Amino acid sequence: MAQVTHGLGGLKYDPGKKARPQELNVLVALIVIVAAFEILGRLLMGDSFLFNTRDNIDTLFNQQRLSIIILQVSIVGVLAIGVTQVIISGGIDLSGGSIVGATAMIAMSFAQTALVNGQPNPKAIFGDWAMDLPVIVPVLVGLGCGLVAGLINGSLIAYTRIPPFIATLGMMVTARGLSRWWSNGNPISFPTESFAAIGKGMMPVAIFVALAILFHVIMTYTKYGKHCYAIGSNEAAARMSGINVNHHKILVYAIAGILASLAAVVLSSKNLTAQAGMGMMYELDAIAMAVIGGVSLSGGRGSIIGTVLGALIFGVIISGFTFLKLDAYYQEMVKGVIIVAAVVLDQWRQQRRTRG
Amino acid sequence: MKKTLLAAGLVALMGTTAMAQNIGVSMAKFDDNFLTVLRNGIQAHADASGISVQIEDAGNDVAKQLDQINNFIASGVDAIVVNPVDTSATQAMSDAAAAAKVPLVYVNRQPVNVDSLPDNQAFVASNEEESGTLETIEVCRLLKVQGKTEANVYVMMGELSNQAAVQRTKDIHDVMAAGKCEVKLNIIDEQTANWSRDEAQSLMTNWLSTGTAFDGVIANNDEMAIGAIQAMKAAGLDMKTIVVGGVDATQDALAAMQAGDLDVTVFQNAAGQGQGSLDAAVKLSKGEAVDQKVYIPFELVTPANIGDYLAKN
């Protein structure tokens, strides 16, 4: 039995509860899943999931697999960072995936190259003036789209008092409509080389990791981060204690919007194309990553580290399934079960800790 | 005087509505590249021949599509063109149109009740059995040209609920079983990348991480073939030694073929299907007879004949 003491202000304070941070559970889950794939791989495939078993390469780990595990989730991961700070401050953002679609279409229109294999670009959206523009133009246009969408989300929530679920649902439908309307559903392809460099190779991972570190610092050490937790835990109390809740909310959604549009720029650059259906379901994957990572949907609890671990669990599952050559018809079912199981397990640990 | 003018105006108005056919079109979804070409084909043909069309997006929702059809019937269109969301949910649509005696034409996706359609309904599409077959046979031929007698390939499937994905994958197995492949083909693994370039990139990289040697990738569509190519190039593989096949002959795919990365694709005449479905709908609404199954053929595209297709999609 942990010793119960009283902290400042007479609040009950149990040092035992602080001993093991939330993220440790998620890390354990990640290790268990990796170990499961390693064991199943050895038993069923006669091959290792993590380690290199090829003679022609001299490394301990299978580096190609390790890099794809994180590469395939890093773009949704950027979205998940934005969603995490929204959920921590007591909101929800369903519009991320659609903002990705709309931003990709609009930004790519300003990133096109004039000549493809020596012929005029067959997918040209604008005239010659928009061809071969410096890379900063599509990037700024893209981030601008996300900023506008985020400001609209935030202002609706702060000033009209409609629930975040509804405001961002509206944005989700509107932005998807915009992405389809922009070029009548036609894909936009063939970007300039400098634009293509943004998402090349492991660049998405570098961007994801850099943003994760940045936002970990912001959420842990700055006033902005502390206000997020305060508003998410108890909005009325936060308002009483002098936090400008409305301004803060607008800022939170604006940042989420900018991160979604950044994900769009990286995604369209990586794929060398923008399509109206891009980013479909990304918002739900991002929310799932955060929730698996221990971010509470009721607000006030969670961390960027948790979300990053949640994203890694996603990546490990996708790669693990392909590694085991699991029949494609089963994969989605198993993925759904794992998502729910991870959260149930976490919930169960939480309850046991509060009781004990 | 005023009354006669009004009457004359009304007669003129009725005259024009009777002349210009009014066709309702329900597309499965608007944000699919291929269906967009098809939709543009319908629109262009309608504009050129003075037919008025109203095109709706069913948003990949079966229930919404049926509602749209009932709305078309209620607003008195002369005929309806449907690109079904779910090919097994078409009976209700056929029944609704038949009850209202409105002609109905299915386009691109084969309805489950294709053999029991009423007289004033028809189906216009390409025969999916051709697409995967043409693709696989050409991939086999290219592997043979490389001097191989046995080859290992990966198969990338489209959305698992989609008839084209299922059929094109089945075509690969059928070609192998029928002995039409010039080399002995071994499928290392078969997975879905949901028609998407991004998912195909990830899937291919996951396959590459297993280190298994392979000679080719057969994808159900071009977007996935391009994703696979991007992943292989990122891993430093020489695209000359690997045979990659897709289906659709999109602009992006043709550019990849010109760059020497993509070896095989198959052209499905989307605009032709759109045009064919509109023609059938107009004929049916005038009471003329049409074939109940109109097939627009698939065409194989290789670096040799790519020039014929650059301006088509």
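This is a predicted model: local features need pLDDT of at least 70, side-chain atom pairs count only at pLDDT 80 or more; totals for chains, interfaces and linings use all residues.

Visitor: At what angle do H3(A) and H13(A) pack?

Guide: First, helices (H or I, at least four residues) and strands (E, at least two) are DSSP runs, numbered from the N terminus. Axes are lines fitted to C-alpha atoms, for helices over the stretch in contact, and angles run from 0 to 180 degrees between N-to-C directions. Here H3 (residues 63-88) and H13 (residues 304-323) of chain A meet at about 140 degrees, with axes 8 Å apart. That makes H3(A) oblique to H13(A); under 35 degrees would count as roughly parallel, over 145 as roughly antiparallel, 65 to 115 as roughly perpendicular, and the rest is oblique.

Visitor: Which residues make the contact between H3(A) and H13(A)?

Guide: Two residues are in contact if their C-beta atoms, placed from the backbone, lie within 7 Å. Among them are Gly77(A) and Ala80(A) from H3(A), and Ala311(A) and Gly315(A) from H13(A). By class, this contact of H3(A) with H13(A) has 13 nonpolar, 6 polar and 1 charged residues. Ala, Val, Leu, Ile, Met, Phe, Trp, Tyr, Cys and Pro count as nonpolar, Asp, Glu, Lys and Arg as charged, and the others, Gly among them, as polar.

Visitor: How do H5(A) and H11(A) pack?

Guide: H5 (residues 136-159) of chain A packs on H11(A) at about 150 degrees, with the axes 7 Å apart. H5(A) and H11(A) are therefore roughly antiparallel. Their contact has 20 nonpolar, 9 polar and 1 charged residues.

Visitor: What is the largest nonpolar core?

Guide: A nonpolar core is a set of buried Ala, Val, Leu, Ile, Met, Phe, Trp, Tyr and Cys residues joined through C-beta atoms within 7 Å. Buried means 20 or more other C-beta atoms within 10 Å of a residue's own, exposed means 12 or fewer, and partly exposed is in between, with C-beta atoms placed from the backbone. The largest core has 96 residues, and Val78(A), Leu79(A), Leu259(A) and Ala263(A) have the most contacts inside it. Helix H11 (residues 245-271) of chain A gives the most to this core, 16 residues. Leaving out residues up to four places away in sequence, Ala263(A) touches Ile75(A), Val78(A), Leu79(A) and Val100(A). A second, separate core of 51 residues includes Ala200(B) and Ala225(B).

Visitor: How many residues of each chain are in contact?

Guide: 31 residues of chain A are in contact with 26 of chain B. The chain A side divides into 11 nonpolar, 15 polar and 5 charged.

Visitor: What does chain B contain?

Guide: Chain B has 10 helices and 12 strands, and 51% of its 313 residues count as buried.

Visitor: Is Phe190(A) buried or exposed?

Guide: Phe190(A) counts as buried because it has 22 C-beta neighbours inside 10 Å. Phe190(A) lies in the loop between strand S5 (188-189) and helix H7 (193-196) of chain A, and its phi is near 60 degrees, a positive value in a residue other than glycine.

Notes. Residues are numbered from 1 along each chain as its sequence is written. Chains are lettered from A and ligands numbered from 1 in the order in which they are written.
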